[in-house]
Amino acid sequence: TSSNSGADWSYANLGGTNFGSAISADGTVRVTANSNGSLYRNSGSGWSAITTSGLPTSTGWSGIACDSTCTKMAILGPKVYTTSDSGATWSAGGSADRAYKDLSMSLDGSVLAVTDGGDVYISKDLGANWAGQGLGGKTWTGVTVSGDGKKIYAAANDGTIRKANNL
């Protein structure tokens, strides 16, 4: 991690491979998703495990996103799992089993975007409901949601960038 815009870096070995990290808007809270099935949080006093109640066991997490305070979070596994209480409880909401590749969350945590490579899916209610965007024919590799949740962009491996127009 770095606390000075990348001039200096510190190292922490959490075991496994970290497949995603997120940070609060003010930079004081950091979270990471790990291939060993663990989730970790650092609020300034070192890394500690996040509760995984409600999550499937033995699942490596392939991505994580959080709101401005890292109270609301989403992680990628066989489904998209969300929490609104810093990880005390988790829910798969209305997400389907897919091989998810990337995710992003608005600053208030209400808007989520994910991709499984074949389409982009958007939730406007912290993952309770999802709508596919019908963007087949491309291999979508990344998604990003603006802070206010009103703009969502998706990137494909052929250089295509698409903006969601239905928000």
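Predicted model: local features only at pLDDT ≥ 70, side-chain atom pairs only at ≥ 80, totals over all residues.
Reader: Which residues does Trp-90 touch, not counting residues up to four places away in sequence?

Author: Trp-90 touches Leu-39, Ile-50, Thr-51, Thr-52, Ser-53, Gly-54, Leu-55, Met-73, Ile-75, Tyr-81, Thr-82 and Thr-83. Contact here means heavy atoms within 4.5 Å. Residues are numbered from 1 along each chain as its sequence is written, and side-chain values use heavy atoms, with hydrogens and water left out.

Reader: OK, and which residues have the most contacts inside the largest nonpolar core?

Author: Those are Val-31, Leu-39, Ile-75 and Trp-90, in a core of 16 residues. Strands E2 (30-34), E5 (63-66) and E6 (73-76) are the elements that give two or more residues to this core. A nonpolar core is a set of buried Ala, Val, Leu, Ile, Met, Phe, Trp, Tyr and Cys residues joined through side-chain atoms within 4.5 Å. Buried means under 20% relative accessible area, exposed over 50%, and partly exposed in between (1.4 Å probe, protein chains only).

Reader: How many helices and strands are there?

Author: Zero helices and 14 strands. Both are DSSP runs numbered from the N terminus: helices are H or I with at least four residues, strands are E with at least two.

Reader: Back to Leu-39. Which residues are on each side of strand E3?

Author: Leu-39 and Arg-41 are on one side of E3 (residues 39-42), with Tyr-40 and Asn-42 on the other, and all of them are buried. In a regular strand the side chains alternate between the two faces of the sheet.

Reader: How many bridges do E2 and E3 pair over?

Author: Four, in the antiparallel sense. Two strands pair if DSSP finds at least two bridges between them. Val-31 stands opposite Arg-41 in E3. This hairpin has four residues between the strands, and Gly-37 takes a positive phi near 90 degrees.

Reader: And what joins E3 to E4?

Author: Three bridges join E3 to E4 (residues 47-49), and the two run antiparallel. Tyr-40 stands opposite Ala-49 in E4. E3 and E4 form a hairpin too, with four residues between them, and Gly-44 in the turn has a positive phi of about 115 degrees.

Reader: New topic: is Ser-123 buried or exposed?

Author: Buried, with a relative accessible area of 0%. Ser-123 lies in strand E10 (residues 120-123).

Reader: What does the side chain of Ser-123 reach at 2.9 Å?

Author: The backbone oxygen of Asn-129. A polar contact of 2.9 Å also joins the side chains of Ser-123 and Asp-125. A polar contact is a pair of N or O atoms within 3.5 Å; within protein, one must be able to donate a hydrogen and the other to accept it, and residues adjacent in sequence count only if both atoms are side-chain atoms.

Reader: Last one: what order do the strands have in the open sheet of three?

Author: E12-E13-E14, with antiparallel pairing. E12 (140-145) and E14 (161-163) stand at the edges with a single partner strand each, so one side of each is left without a neighbour in the sheet. Five bridges join E12 to E13 (residues 152-156), and Val-143 stands opposite Ala-154 in E13.
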